[in-house]
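Here are a few friendly notes on the charged pairs, to read alongside the model.

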Amino acid sequence: MTPEAAALQRIRTRSIGIGAILSAGAFLVGWRTGASLTICAAVVIFSFLVFEKLTGRLISGQAGGGIRRTLLLLLVTGAAGLLLVVVLRWKAFEPVAGLLGLSAVVLGIVAEIFERGEPKGKGQEG
């Protein structure tokens, strides 16, 4: 596994874990807070996963799955976007919880940055 693939795997795992922990905590505050955060976290995590699959296919030139698989991935992304629009219009939506849910992937990326530290240049020991 390449270092980039390993990093993406860790970001994926962390994002899902962070989303789950945030959702559990939000439901302790209230059902509206929990639902708002969970839906937003799910939308951003699914969008990240689809983006990763689509860009991976474009970069590697992988033809596996063809147009049907690409359309399915785009359909999932469109459905997630539509769900987000519906949730934002929901009268019980909690904006702060929603924003926290939308940051689940960003928090996973930040955790990866802190784990990796600064890249070492040529000639540096470490």
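1. R14 is partly exposed, with a relative accessible area of 22%; here buried means under 20% relative accessible area, exposed over 50%, and partly exposed in between (1.4 Å probe, protein chains only). Please bear in mind that this is a predicted model, where local features need pLDDT of at least 70 and side-chain atom pairs count only at pLDDT 80 or more, while totals for chains, interfaces and linings use all residues. Residues are numbered from 1 along each chain as its sequence is written, and side-chain values use heavy atoms, with hydrogens and water left out.

2. R14 forms a salt bridge with E112, at 2.8 Å from N to O. (A salt bridge is a side-chain nitrogen of Lys or Arg within 4 Å of a carboxyl oxygen of Asp or Glu.) This pair links distant parts of the chain, with E112 in helix 5 (residues 104–116) and R14 in helix 1, 98 residues apart. Helices are DSSP runs (H or I, at least four residues), numbered from the N terminus. E112 counts as buried, at 4% relative accessibility.

3. E115 also meets R14 in a salt bridge, at 2.1 Å from N to O. Here helix 5 and helix 1 are linked by residues 101 apart. E115 is partly exposed, at 46% relative accessible area. Shared partners join R10, R14, E112 and E115 into one network of salt bridges.

4. How many salt bridges does a search of the whole structure find? The search finds six. Among them is E52 with R12, whose closest N and O atoms are 2.4 Å apart. E52 lies in helix 2 (residues 31–60) and R12 in helix 1 (residues 3–29), so this pair ties together parts 40 residues apart in sequence. E52 counts as buried, at 13% relative accessibility.

Conventions. Helices (H or I, at least four residues) and strands (E, at least two) are DSSP runs, numbered from the N terminus.
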